Amino acid sequence: MRKTDGLLKLLGLCILAGVLVAGVLFPVVGAAGVMSNQASETVDKTSSDLADIPPPLVTTVTDSEGAAIATLYDQYRLPVSDTQINPAMQWALVSTEDKRFYDHHGVDWTGTLRAAVSNTAGGDTQGASTLTQQYVKNYLINIVYRGNKIGQQKAQEASLARKLKEARIAIQLETKMTKPQILAGYLNIVEFSRQIYGIGAAAHAYFDTTPEALTVPQAALLAGLVNNPAYFDPWNHADKALQRRNLVLDRMVENQKLAKADAEKFKAEGLGVVEGQPKKPASNCVGAGPEHGFFCQYALEYLIKAGLKEDDIQTGGYTIKTTLDRKANSEAKKSAETQVDKKEPYIANTLSLVKPGKERHPVVALAANRDFGTDASQGQTSFTLPSGVWNVGGAGSTYKIFTTAAALDKGVTGIYANIDVPPNYTSKIFTGGGNSCPKTGPPLNSKWYCVGNAGDYGGADASMSLQTALATSPNTSFVILEDRIGSTGPIVDMANKLGMRETMATSAAGRPVDPKATDAQLNMPQLQFFGPSGKNPGKGAITLGPSPLSGLELGNVAATILSGGVWCPPTPIVSVTDRNGQPIPVKEAACEQVIPEGLANTLAVGLSKDDLPGGTSNTAARNVGWDRPMIGKTGTTQDNVSGTFVGGTPQLAGAAMTFKFGGGQGGICDHPSAPGFVRLCPNGNIYGGRAPARTWFGAMKNIMADQPVEQLPQPDPQYMN
């Protein structure tokens, strides 16, 4: 090299050093200092972000006892303090990334000048970032600009301006944090690939250990990863990971933090990571497992509807304590799967259980024959089968509950009063056609609603009490009650009041209501479709429940009746607390006295005979030895494509639904002599008193085994006759 070249290079370094120092201390001067002030404000704002924007943490979902069932996260991170990190990990990182870490004050001027000369001379862009500067960059990328690609790009662009800004922030941080705090801060936010962030999560995921217990070769592997986590991934690129780990061991030797003989011994060891893939929990409700996943999913959706942001839930480090009763949910799952195999194509069987009460209706179980998960070949699904509104063919005759409640409320009849039970009946008030119109006699108006009974209840002059009719379920009697009420409006309104809130807000086709839809009838809410205002009395079929519904809401109807007519939202939440243990408000709908208590009590008495001899669920009840007072009602839909059972005791209520799910031809065949043998077939024979009732009783018998027997309320004389 010529002497003049050396002098010029030295002069260039001196000038560049002045620029760098000026840039760090006074970014840009001019125009009355406006740009300088703006730059300072930007640096101060970024420093404030580092102090005020907390890192994403893992949210934990628990059962009612506080035991964890699932974790929700965007970044798997388990924060630790500086005293919880093995010195081997600290020295492995310092030796590799910033060996002068304990000597500088945020910026390594020697390395920065060297990188700057290389960059300005047209060479490869060099970093020369200290760990403090890397802490700043990683905090911006992984936390401040998480999910913001433009911000992340700016936080790592190869420009001198970015380096100067980063250096200023690093210098500020060094005045506010100790070296151990900075090192721990860096190790808590840096990425280790596969949604794993921070040394706490990395130690667990890679080696099934803690940061305190990391060995030297384990620490060396993790320290080497931060440079390029994906490239050095030990499961995908074991050879590269091994080379990188050994390089870190050499750097520790060079930095006099490890004896060369020990380094050579450690190099002979394998990587030692857990087999197959990192050991980390699922980041969503799949982690709750096949049994509790439906409950977890409902709790998450419930909180979002209550106003919590999904991203806050996923990243806030919350503790979500739910109302899940593990025993109840396990019994519900077992019973649902006993009746319908989890891998049975095109058939779902669900059970939702809710506690009655005048202040809350806690959900204790949400189960299905299907496992919760993402592997359809194993019968898994992540659809909200027990709680969502599904176009399953309908609820069937369980909707006669609402017709009865409306008739009692309007004074049309009493619970012990006799009502007619003809084999067939044609309503001249309601529309909707029907397939039970008489084939002989004078021609009928095609718009009239015709209905027949599924069984033999006697001749044309037969009659029975309304209480008996609820237990034996003749169709004609309840259409006659509709005629006497005069409109389906009060019936639909009663369904909405008692608990079918989201169900009745859904379109009659099972879709979200679309006001722009051309098919106006099917795309109006069921509240309007079955019970419109004006002179049109509505669709007579409402009493036979032909429309989409939520099994959970149906179960909550029983809870409302058993709560003296007090409706409360079916809540899965006990409490939500943030990362500091402070409560997060959850805005839930207030409980309402939706019908008079006397009416609710009388309705409960009216529904109290279904499990007794002659009732549609008696066989299912008798088979498990059911022996306590309860309310119940079965339902079956047209062509036997679904069946329901809703019931409850004063302590626990719920609904079971067996329905077609995901396709298939024909109806559902249920062989009562072989429980669990439920299949699709050309001509179905499913009834609410079969698989649905067996599911309900099979679970409830065991769940209630250690509970005291409580009596149903007495009827109100106002609604008796």
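Me: Why is aspartate 639 called exposed?
Reply: The relative accessible area of aspartate 639 is 58%. Buried means under 20% relative accessible area, exposed over 50%, and partly exposed in between, with a 1.4 Å probe and protein chains only. Aspartate 639 is therefore exposed. The residue is found in the loop between β18 and β19, and its phi is near 65 degrees, a positive value in a residue other than glycine. Helices (H or I, at least four residues) and strands (E, at least two) are DSSP runs, numbered from the N terminus.

Me: What conventions apply to these values?
Reply: The model is predicted: local features need pLDDT of at least 70, side-chain atom pairs count only at pLDDT 80 or more, and totals for chains, interfaces and linings use all residues. Residues are numbered from 1 along each chain as its sequence is written, and side-chain values use heavy atoms, with hydrogens and water left out.

Me: What makes arginine 194 partly exposed?
Reply: Arginine 194 has a relative accessible area of 29%, so it falls in the class between buried and exposed. Arginine 194 lies in the loop between α8 (179-189) and α9 (199-207). It has a positive phi of about 55 degrees although it is not a glycine.

Me: How do you know that cysteine 669 and cysteine 681 form a disulfide?
Reply: A disulfide is a pair of cysteine sulfur atoms within 2.5 Å. For cysteine 669 and cysteine 681 the S to S distance is 1.8 Å, and the pair is joined. The torsion about their S-S bond is about 80 degrees, so this disulfide is right-handed. Cysteine 669 lies in strand β21 (residues 667-670) and cysteine 681 in strand β22 (residues 678-681), so the link ties together parts that are 12 residues apart in sequence. Cysteine 669, with a relative accessible area of 12%, is buried, and cysteine 681, at 13%, is buried.

Me: How many disulfides does this rule give?
Reply: The count comes to 3 disulfides. One of them joins cysteine 285 to cysteine 296, with S to S 2.1 Å.

Me: What are the accessibility classes of cysteine 568 and cysteine 591?
Reply: Cysteine 568 has a relative accessible area of 0% and is buried, whereas cysteine 591, at 30% relative accessibility, counts as partly exposed. A disulfide joins cysteine 568 to cysteine 591, with S to S 2.1 Å. With 115 degrees about the S-S bond, this link is right-handed.

Me: What makes the lining of the largest cavity nonpolar, polar or charged?
Reply: Ala, Val, Leu, Ile, Met, Phe, Trp, Tyr, Cys and Pro count as nonpolar, Asp, Glu, Lys and Arg as charged, and the others, Gly among them, as polar. Val61, Leu72, Cys296, Ala299, Leu300, Leu303 and Ile320 line the largest cavity. The lining has 7 nonpolar, no polar and no charged residues. Helix α13 (residues 289-305) gives the largest share of the lining, 4 residues.

Me: How do you know that β1 and β2 pair?
Reply: Two strands pair if DSSP finds at least two bridges between them. Strand β1 (residues 59-62) and strand β2 (residues 68-72) are joined by 4 bridges and run antiparallel. Threonine 60 has threonine 71 as its bridge partner in β2. β1 and β2 form a hairpin with 5 residues between them, and glycine 66 in the turn has a positive phi of about 90 degrees.

Me: In which sense do β1 and β3 pair, parallel or antiparallel?
Reply: β1 and strand β3 (residues 319-322) pair in the parallel sense over 3 bridges. Threonine 62 has lysine 321 as its bridge partner in β3.

Notes
1 Å grid on protein atoms, 1.4 Å probe; cavity = no way out; pocket = protein on both sides within 12 Å on 5 of 7 lines; lining within 4 Å.
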